[in-house]
Amino acid sequence: MAGRLMKTKLLVLFVAVALRYATAADSTLSMTPPMGWNSWNHFACKVTADDVRAAADAIASNGMKAAGYVYVNIDDCWQGDRDEHGNIRPNTKFPDMKGLVDYIHSKGLKAGIYSTPGPKTCAKYEGSYGHEEQDAKQYADWGFDYLKYDWCSAEKVYKRSDMQAVYQKMHDALVRAGRPIVYSLCQYGYERVWRWGASVGGNLWRTTEDIDDHYDRMSVIGFDQDGLEPFAGPGHWNDPDMLEVGNGGMNHDEYVTHMSLWVLLAAPLLAGNDLSKMSQETLDILTNKEVVAVDQDAKGVQGRRVAQEGPLEVWAKPLADGSVAVGLFNRGESTNPISVKFADLGIRSTVHVRDLWQHKDLGAFNESYTVEVPKHGAVLVRIQ
Ligand code: GLA
């Protein structure tokens with residue numbers, strides 16, 4: 001009797017564990033934070049298939065692909081109406097979706113698409129409400145590799161407490177569609193999504209409302225991520241929103257802060273500028289090898305704030321080889337010296353410091369390293 005009870009208990013446990021893993025994120029799809037481009041921050045609703053092709057051309061030829069950028073993602077405003085069978089059709093700006101995805105694939109890149117669990121997207125285009133299975137199958141048929149699923153008008157038809165089930169539903173539909181598709185949850189951090197995003201199949205989840213191309217907005221979002229680091233790791237990432245680097249609303253030092261902070265946060269790196277008309281300065285920020293390597297480090301740890309004195313902050317991210325990436329950030333209004341005390345990193349020996357933006361060894365240091373950091377700027381070093 002006791003033996004049978006034990007067997008039943010074990011069976012129940014096995015089924016529970018199997019179910020949990022059958023529905024959880026496919027982490028093999030995003031062992032490091034996804035990198036690529038998304039149309040929204042620059043093109044918003046004006047985006048056309050030609051803009052997307054031009055982005056793919058640029059990534060494939062300008063060094064971004066070599067730096068790790070792979071996803072070419074269409075955001076909102078591609079949708080037309082549904083045919084008599086309920087199949088979603090693209091609008092006239094996207095006359096041949098399959099052809100576009102094939103083109104992206106022909107460049108050795110991957111393609112992303114966008115929808116909402118609600119009846120309408122945030123820009124009031126057709127949503128997936130009531131058509132989840134059909135849409136997932138359509139995305140797979142077109143060949144998409146990534147879906148951003150944006151809450152938007154779902155707010156009108158569901159309760160916030162339905163959110164997990166709603167996101168789970170599309171994940172299950174994607175699994176049934178049979179194509180590996182990175183699943184990006186976009187619901188602005190509601191309901192503390194970091195606690196359950198991975199369990200409903202999310203490979204990444206937005207932690208905030210939208211970024212914009214101003215230092216104030218970018219920095220509030222970025223520096224506010226402290227504390228979310230326990231929830232990120234290989235396969236499932238916190239997403240503080242897409243990059244604004246190169247969109248023109250911030251100066252060089254501010255974009256350096258943006259990129260330095262995002263790589264320390266192990267954030268998805270989705271460029272949001274017009275890649276076909278980018279300055280060398282912007283490209284250099286997006287593709288700096290040693291900086292991107294911090295984001296893509298195999299250990300997959302999200303960095304955190306280790307020290308703060310007023311507007312001067314020090315953030316650290318442990319890396320796979322035992323070294324630590326450290327960002328020294330000046331949120332103040334004038335140039336200031338900032339120090340990282342090695343004790344704050346748990347290091348008590350002499351260390352070697354390397355400047356990652358400059359690719360320059362700075363030598364050996366005891367106890368601390370101090371550097372002048374411009375207003376709104378950042379220095380990113382690796383401590384070994
Ligand atoms: C929301 C999202 C943005 C973008 C727009 C599109 O605001 O947070 O990233 O996708 O919708 O309408």
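The structure is a predicted model, in which local features need pLDDT of at least 70 and side-chain atom pairs count only at pLDDT 80 or more, whereas totals for chains, interfaces and linings use all residues. Residues are numbered from 1 along each chain as its sequence is written, and side-chain values use heavy atoms, with hydrogens and water left out.

Helices (H or I, at least four residues) and strands (E, at least two) are taken as DSSP runs and numbered from the N terminus, and two strands are said to pair if DSSP finds at least two bridges between them. Eight strands form an open sheet with parallel pairing, in the order E9-E8-E7-E6-E5-E2-E1-E10. Strand E9 (237-239) and strand E10 (269-271) stand at the edges of this sheet with a single partner strand each, so one side of each is left without a neighbour there. Neighbouring strands of the sheet are turned by 25° against each other on average, direction ignored; here axes are lines fitted to C-alpha atoms, for helices over the stretch in contact, and angles run from 0 to 180 degrees between N-to-C directions. Within the sheet, strand E1 (residues 35-38) runs parallel to strand E2 (residues 71-73) and is joined to it by three bridges, with Asn73 in E2 as the bridge partner of Asn38.

A separate pairing links strand E3 (residues 79-82) and strand E4 (residues 88-90), which run antiparallel and are joined by two bridges. Arg82 stands opposite Ile88 in E4, and the two strands form a hairpin with five residues between them, where Gly86 in the turn has a positive phi of about 90°.

The loop between strand E5 (110-115) and helix H6 (132-142) holds Thr121. With a relative accessible area of 3%, Thr121 is buried, a term that means under 20% relative accessible area, as against exposed at over 50% and partly exposed in between (1.4 Å probe, protein chains only). When residues up to four places away in sequence are not counted, Thr121 touches Asp76, Gln79, Tyr114, Thr116, Glu126, Gly127 and Cys152, contact being defined as heavy atoms within 4.5 Å.

The ligand has 13 residues around it, of which Asp75, Asp76, Lys148, Asp150 and Asp210 come nearest; a residue counts as near if one of its heavy atoms lies within 4 Å of the molecule or strand in question. A polar side-chain atom of Asp210 lies 2.5 Å from an oxygen atom of the ligand, while for Lys148 the distance from a polar side-chain atom to a ligand oxygen is 2.8 Å. For Arg206, an N or O atom in the side chain is 3.1 Å from an oxygen atom of the ligand. Taken alone the ligand exposes 310 Å², and the protein buries 93% of that, with accessible areas coming from the Shrake-Rupley method with a 1.4 Å probe and, for residues, only the protein chains shown counting as cover.

A further open sheet consists of six strands with antiparallel pairing, in the order E11-E12-E13-E18-E15-E16. Its edges are formed by E11 and strand E16 (360-365), each with a single partner strand, so one side of each is left without a neighbour in the sheet. The twist averages 25° from one strand to the next. Strand E15 (residues 351-355) pairs with E16 in the antiparallel sense over five bridges, and Gly363 in E16 is the bridge partner of Val353. Helix H9 packs on the sheet, where it touches E11, E12 and E13, and its direction makes about 50° with that of E12. Helix H10 lies across E12, E13 and strand E18 (378-383), running at about 145° to E13.

The buried residues of helix H9 (residues 215-223) are Tyr215, Met218, Ser219, Ile221, Gly222 and Phe223. Phe223 has a relative accessible area of 3%, and its contacts, apart from neighbours within four places in sequence, are Tyr215, Thr257, Leu261, Arg305, Glu313, Trp315, Phe329 and Arg331. Glu313 lies in strand E12 and counts as buried at 0% relative accessibility. The side chain of Glu313 makes a polar contact of 2.8 Å with that of Arg331 and another of 3.2 Å with that of Gln308; a polar contact is a pair of N or O atoms within 3.5 Å, where within protein one must be able to donate a hydrogen and the other to accept it, and residues adjacent in sequence count only if both atoms are side-chain atoms.
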